[in-house]
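Here is a short walk through a protein structure, with charged side chains as the guide. Keep the sequence and the 3D view at hand.

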Amino acid sequence: KAQMQIRKAERKKAKLRLGIAAPSGSGKTYSALLMAFGIGGKVGLIDTEHGSGDLYAHLGDYDVIGIEAPYTVDKYQKAIAAFEQAGYTTIIIDSLSHAWAGDGGLLDKQGKIADRGTNSFAAWRTITPEYNALLDAMLQSPCYIIATMRAKQEYVLETNDKGKQTPKKVGMAPVQREGMEYEFTVMLDVDMQHIASASKDRTSLFDGRFFKISEDTGKELLAWLETGIEGPDVAAILRNISGSSTVEILKSNFEAAMLMLEAVHHNNITKAKNARYRELTAQKEAA
């Protein structure tokens with residue numbers, strides 16, 4: 001039985017997971033591209049906005065994969081995988097909101113399942129695994145990920161000095177499943193004047209700042225991301241698991257990997273272990 005491992009906390013190099021939430025017309029795509037150009041390398045943009053991704057070709061060199069309705073998780077996964085396999089540095093998902101609230105997105109699919117007579121709670125049992133698969137595609141990518149999300153203004157009612165209730169704007173809510181913003185390293189809200197502020201920031205680079213996103217923002221983030229020791233080679237660990245020659249070695253490699261790697265990789269490691277276990281047991285039965 002594997003013992004719990006106690007180790008020193010270390011700042012490892014990280015891959016950016018950045019969200020940009022903004023109302024329509026506030027420059028989400030423009031901001032995401034400037035950020036990606038600041039990071040450098042090959043930039044790929046997944047465009048769900050009917051060709052709007054091509055409007056900024058004058059800013060720099062980038063490539064586009066267009067997604068049309070229905071905005072299924074499978075299409076997003078395939079587009080992310082295509083850019084990964086082609087060796088891109090940064091993938092911009094513009095916009096992630098379509099996967100949730102667009103035509104054929106997860107909310108739409110949940111509603112259609114419920115309309116067929118399945119109760120709403122049971123319908124979510126079908127949708128939640130797809131939502132988790134989309135999260136995994138972003139979180140486990142070897143690329144930097146920048147995801148834009150449409151935002152709607154949030155208001156609360158307050159009683160004024162005359163005793164009347166009046167609406168007060170309290171911020172922006174991304175059009176996305178509640179809690180999605182917590183999956184990102186940094187979550188930036190951009191207003192109609194193109195001013196950004198961080199609603200969540202693990203880097204502490206943007207605490208208390210109000211700024212316009214530029215290429216320098218990407219350079220600043222890259223410097224933070226590159227500060228730290230190299231993390232474990234996940235690809236090599238997966239190869240070791242897939243190449244385990246016996247069930248005992250497979251078990252040992254799996255336990256070591258689960259201790260070594262962050263939770264974000266555990267799903268892929270478990271899949272590789274299960275696949276190799278099936279192969280080894282089939283070989284034993286055939287012998």
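With which residue does R150 form a salt bridge? The partner is E49, and in this predicted model the closest N and O atoms of the pair are 2.9 Å apart. R150 belongs to strand β5, residues 144-159. E49 sits in the loop between β2 (43-47) and β3 (63-66). The pair therefore ties together parts that are 101 residues apart in sequence. Now look at the surroundings. R150 is partly exposed, at 34% relative accessible area. E49 is buried, at 17%, because buried means under 20%.

The search of the whole structure finds six salt bridges. Side chains of opposite charge can pair when their charged atoms come close.

Move on to the helices. E130 and K109 meet in a salt bridge, with 2.4 Å from N to O. E130 lies in helix α5, residues 120-139, and K109 in helix α4, residues 106-115, so this pair joins parts 21 residues apart in sequence. E130 is partly exposed at 21% relative accessibility. K109 is partly exposed too, with a relative accessible area of 34%.

R276 and E279 both lie in α9, residues 266-286. They are three residues apart, about one turn of the helix. Their side chains form a salt bridge, 2.8 Å from N to O. R276 is buried, with a relative accessible area of 13%. E279 is partly exposed, at 41% relative accessibility.

Key: Residues numbered from 1 in each chain as written. Predicted model: local features only at pLDDT ≥ 70, side-chain atom pairs only at ≥ 80, totals over all residues. Heavy atoms only, no water. Salt bridge = Lys/Arg side-chain N within 4 Å of Asp/Glu carboxyl O. Helix = DSSP H or I, 4+ residues; strand = E, 2+ residues; numbered from the N terminus. Buried < 20%, exposed > 50% of the residue type's maximum accessible area, 1.4 Å probe, protein only.
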